[in-house]
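Colleague: I would like to learn how to read a two-chain model step by step. Could you walk me through it?

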Amino acid sequence: MNPCMSTPPVSTPFPQIAVRCEGVTKSFGTGAAAVQALRGVDLEVRTGELLMLVGPSGCGKTTLISVIAGVLRRDGGACEVFGQDYLAITEQETTRFRGKRIGFVFQAFNLIPTLTAAENVSAPLVIQGMSRKPAVARAREMLRQVGFDERMQDSSPVDLSGGQQQRVAIARALVHQPNLIVCDEPTSALDSETGRKVMELMRELAVATNRALIVVTHDARIFEFADRIARMEDGRITGIETLKTNAASAAETRSA
Amino acid sequence: MYYYALKMLIGDRAKYIGIIIGLTFASLLITQQSAIFAGIMTRTFSFLTDVSLPDIWVVDPQVQYIDDIKPMQDTKVLRIRGVKGVEWAVPLYKGALRARLENGTFQTCLAIGLDDETLIGGPPRMVAGRLSDLRRSDGVILDQNGAEGKLARSGPDGRRIPLKVGDTLELNDHRVYVVGICEVTQTFQANPVIYTTYSRATTFAPQERKLLSFVAAKAKAGEDAETVCARIREVTGLMAYTPERFKELTFYYYLKYTGMPVNFMTAVALGFIVGITISGQTFYNFTLDNLRYFGTLKAMGTSNRTLLKMILLQALIVGGIGYGLGVGLASAWGALLGGRTQIAFYLPWQLLLITAAAILCICLSSAALSIRKVMKLEPAVVFRS
């Protein structure tokens, strides 16, 4: 294990617990074909914190964020997101909770190609019940905030570059003011420069506004943007590294 | 979300058009074939449709349908006139006569012999001449289609010259004069229709002991036609039907004893199957292609109920457009060809409803497959690259 790593919990600069997982387990399949994806994961994420989940392919990173985001039900252990245990509520309530409190950024962007960039961003608001016109207006504002070219707001995602699509995806993840944002490999489809810009933007727009961010990544070029890096292996967290500089600057931003 | 559902649908042009084409074709085939079938079936009792005055038809008890003529004795008319509740009763002749054409060939015609005194049972609309002209010696009235078609003469340049008032015709070796041209509902056999008086028709007809085809009667005011029919049956031993019942009898005879329903139902079923396979498959593929986006919407908080409504809306929109186009094309086809040719085409509102139900069924079946897929979709699919 890396000597600079410590075990959780360490995050004193971050006041409120956003995610608390204890002994979370999850397996797929049954009998001899069963695969144990999570083997008792303990993890805490606090508001205002950017936590990166790293580890080799198949170690359970995506399964863990799926459980945290409430898109996958855990088998065992405890997991609360802003005090809410998904197993204690119905699937419908989980869907509503997810729609209100969680934002998603996907590796493949998952922007609906037949909608414009602005319409894609407005979707979470419309899902929450806002009418289309004000939702699209707010989406345009959000796109401006993420530095998206205004002339491209009515373009189809297929006409946008990878970096532009990821900006749209980030705007979509933020537009409804969620408390937790989960990102799956947000920079893997982007070149180095664009990847950095995207991460800078995420820190600026998400962490600074006291949200919690969990980023699953393989991309070592963006590790520097994390407050903490949790390493996973074989369905377990094997260590958590705190990057002091980011953690301190995040605390400063909040107090300012 | 419904706006976005529509944009998702319309945005995928190739599949959208594919689904519409499939549904249009299904709707067209179902409507057109049903309308032709309905048209043909209404022709089976066209004679009853055209003769509106009588509300009672009396026939031999062995008669199974309108064209199944089993002649009766002429005296039966008098017996029916004597039944309580009968206002009037007149004899009618209906049979096949051979017309000799100018070129020496023969054309079978449907001859209708009307009561000499009242001329009850005449054509619904005269195009030339008057019905009363039948009282002129050897007078006949021809139907317009027959006069312009099968009975028309050939000009020196080969063009067809329609028969007109004043022309002569040879019917079973009898010279007759055309005294009028009328419009009739096309008959099932599509033979020319010739109206003349009862006495003249029975003179032209091959000599038999009995020649009376029907007795057309009217119930007295205040008398129920069904009750009078029952009374006629009881008193005379003949069969008496109201026009509706006689039409039904004819309709079900053709339905039961001809292969027509099977043929047309096969075509209709084909339309249905084509609709299910082309549109259903394309719609399902459209959903599969969009599964990732449905998963994304689900992850972002869209409920299963909303997704179900989105898919149903998409299915109903393509269904509505396909239905409209199909029915429109079928109606245009019917209007275009029905006016110019003698194609049977009858499109009552009931057929429109049946087609709508069939298309709805196709859409809902297609949507059901897609809905099942989306409902079972785990939102975690969004994290799979």
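Predicted model: local features only at pLDDT ≥ 70, side-chain atom pairs only at ≥ 80, totals over all residues.

Colleague: Let us start with secondary structure. How many helices and strands are there in chain A, and how many in chain B?

Modeller: Helices (H or I, at least four residues) and strands (E, at least two) are DSSP runs, numbered from the N terminus. Chain A has 7 helices and 11 strands, while chain B has 12 helices and 12 strands.

Colleague: What radius of gyration does chain B have, and what would a compact globule of 385 residues have?

Modeller: The radius of gyration is taken over C-alpha atoms, and the globule rule is 2.2 Å times the number of residues to the power 0.38. For 385 residues a compact globule would come out near 21 Å, but chain B has 29 Å. Along the principal axes, the C-alpha atoms of chain B fill a box of roughly 95 × 60 × 30 Å.

Colleague: And burial: what percentage of the residues in chain A count as buried, and what percentage in chain B?

Modeller: Buried means under 20% relative accessible area, exposed over 50%, and partly exposed in between (1.4 Å probe, protein chains only). In chain A, 56% of the 256 residues count as buried; in chain B, buried residues make up 50% of the 385. Accessible areas come from the Shrake-Rupley method with a 1.4 Å probe, and for residues only the protein chains shown count as cover. Chain A has an accessible surface of about 10400 Å², with 48% belonging to carbon and sulfur atoms. For chain B the area is about 17500 Å², and 57% belongs to carbon and sulfur atoms.

Colleague: Now a helix pair. At what angle do α3 and α4 of chain A pack?

Modeller: Two packed helices are described by the angle between their axes and the distance between the axes. Axes are lines fitted to C-alpha atoms, for helices over the stretch in contact, and angles run from 0 to 180 degrees between N-to-C directions. Helix α3 (residues 117-127) and helix α4 (residues 132-145) of chain A pack at about 115 degrees, with axes 8 Å apart.

Colleague: Which residues meet there?

Modeller: From α3(A), the residues include Ala118(A), Val121(A) and Leu125(A), and from α4(A) they include Ala135(A), Ala139(A) and Met142(A). By class, this contact has 10 nonpolar, 1 polar and 4 charged residues. Here Ala, Val, Leu, Ile, Met, Phe, Trp, Tyr, Cys and Pro count as nonpolar, Asp, Glu, Lys and Arg as charged, and the others, Gly among them, as polar.

Colleague: On to backbone angles. Is Phe109(A) buried or exposed?

Modeller: Phe109(A) counts as buried because its relative accessibility is 8%. This residue lies in the loop between β7 (102-105) and α3 of chain A, and its phi is near 65 degrees, a positive value in a residue other than glycine. Asp234(A) also has a positive phi, near 55 degrees. Its loop runs between β10 (228-233) and β11 (236-242) of chain A, and Asp234(A) is partly exposed at 47% relative accessibility.

Colleague: Which residues does Phe383(B) contact?

Modeller: Leaving aside neighbours within four places in sequence, Phe383(B) is in contact with residues including Ile65(A), Val71(A), Phe104(A) and Val182(A). Phe383(B) sits in the segment after α12 (349-376) of chain B, and counts as buried at 5% relative accessibility.

Colleague: Where is Tyr323(B), and how far is Tyr323(B) from Phe25(B)?

Modeller: Tyr323(B) is in helix α11 (residues 304-340) of chain B. Tyr323(B) and Phe25(B) are 298 residues apart in sequence and 9.0 Å apart in space, C-alpha to C-alpha. With a relative accessible area of 21%, Tyr323(B) is partly exposed.

How values were computed: Residues numbered from 1 in each chain as written. Chains lettered and ligands numbered in written order. Heavy atoms only, no water. Contact = heavy atoms within 4.5 Å.
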